[in-house]
Amino acid sequence: SFLHFNDVKSAQSGSYKCKLENSKGSDETVVKLVIQTAPKIENVTVQTDSKLSKVDKKVDILEGTNFEFFCHAESFPAPTITWNLDGKKIKDGNPLKVFNASGSHEGTYECIAENIVKSTSKKFPVLLNFPPKRNSSQSSEHFFTHNKEASLTCDIYGRPEPEIKWKFGDDEIYAVSRNTKYEFTEKKRTLKFKASDEGTFSCEGKNEFGSISMDFKVIVKSK
C-alpha cells in the first residue's frame with residue numbers, strides 16, 4: 001500500500017499511521033513525515049537610536065549614531081544567518097550591531113539565510129549622512145589684481161549635499177540678473193567676479209543636520 005503526496009506543503013508534516021487488517025488480526029505502524037523548507041527572508045529591520053523600521057531600498061545612517069540590523073528569515077530546519085559587507089563576511093547570526101557610525105560602515109550589506117535545502121540573501125546599501133564640514137587647509141587670505149577675473153571656492157561638503165549661500169560683509173550675494181558682477185558655478189560652490197571690492201566674503205553650507213561657514217579675506221592689488 002502506498003500513500004502519495006503531490007505538491008508537498010510544510011503543513012503536511014506530522015505522524016501518519018498505516019494499519020493492516022484481515023481475518024487473522026491486524027498490525028499498524030506510525031511514520032513521521034518531516035517536510036524541509038528553503039529559507040525565506042521575510043524582511044530586514046534596522047534599529048537606530050530613535051526608531052525601528054523595515055529596510056526598503058537603502059538605509060541612511062547619521063554619523064556618530066548606533067544602529068542594529070536584524071534579518072528575519074524562516075525555514076525548516078531553521079536557517080543560519082551570515083552578514084557580509086561589500087562581499088566580506090563580518091558576522092554570524094543576529095543581530096548585527098554597529099556603534100559610532102563612520103565612513104567605514106558605508107557599503108552594501110548582505111544578509112544570507114542558509115540551511116541544508118538552500119540559501120537566499122538580501123542586499124541593501126547603507127549611506128552615511130553627516131552635517132556640513134569644511135576643508136580647513138584652505139587659506140583665509142586671497143590676493144587678486146584689480147579688475148581681473150577672480151574666483152573663490154566654498155570647500156564645504158556634507159550629506160545630503162549642503163545648500164550654499166554667499167555673502168559680502170553682511171549682504172547676501174545673488175546672481176539673478178545679467179548685469180550682476182557675480183557668477184556662480186558648480187552648484188554655487190565657486191563664486192566668480194572681477195576683483196574690485198576688498199573685504200570679507202563668506203560662504204555657508206547647510207543641510208538638515210547642521211551648518212558651517214568659511215570666511216575669505218579678499219585683498220585687491222593695483223596693476
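The legends below describe close-up views of a predicted model.

In this predicted model, local features need pLDDT of at least 70 and side-chain atom pairs count only at pLDDT 80 or more, while totals for chains, interfaces and linings use all residues. Residues are numbered from 1 along each chain as its sequence is written, and side-chain values use heavy atoms, with hydrogens and water left out.

Two strands count as paired if DSSP finds at least two bridges between them.

**View B. Strand 3 beside strand 6.**
Strand 3 (residues 37-48) runs antiparallel to strand 6 (residues 67-76), and 9 bridges join them. T37 has F76 in strand 6 as its bridge partner.

**View C. Strand 15 and its pairing with strands 16 and 19.**
Strand 15 (residues 163-168) pairs with strand 19 (residues 199-207) in the antiparallel sense over 6 bridges. Here G205 in strand 19 is the bridge partner of I164. Strand 15 is also joined by 2 bridges to strand 16 (residues 171-172), again antiparallel, and K167 has E172 in strand 16 as its bridge partner. Strands 15 and 16 form a hairpin with 2 residues between them, and G169 in the turn has a positive phi of about 65°.

S202 lies in strand 19. With a relative accessible area of 14%, S202 is buried (under 20% is buried, over 50% exposed, and in between partly exposed, using a 1.4 Å probe and protein chains only). Neighbours within four places in sequence aside, S202 is in contact with K165, W166, K167, M214, D215 and F216, where contact means heavy atoms within 4.5 Å.

**View E. Two nonpolar cores.**
A nonpolar core is a set of buried Ala, Val, Leu, Ile, Met, Phe, Trp, Tyr and Cys residues joined through side-chain atoms within 4.5 Å. The largest has 21 residues, and V44, V59, F67, F69, W83, Y109 and F124 have the most contacts inside it. Elements giving two or more residues to this core include strand 3, strand 6 and strand 11 (119-134). A second, separate core has 19 residues, among them I173, F184, F193 and C203.

How values were computed. Helix = DSSP H or I, 4+ residues; strand = E, 2+ residues; numbered from the N terminus.
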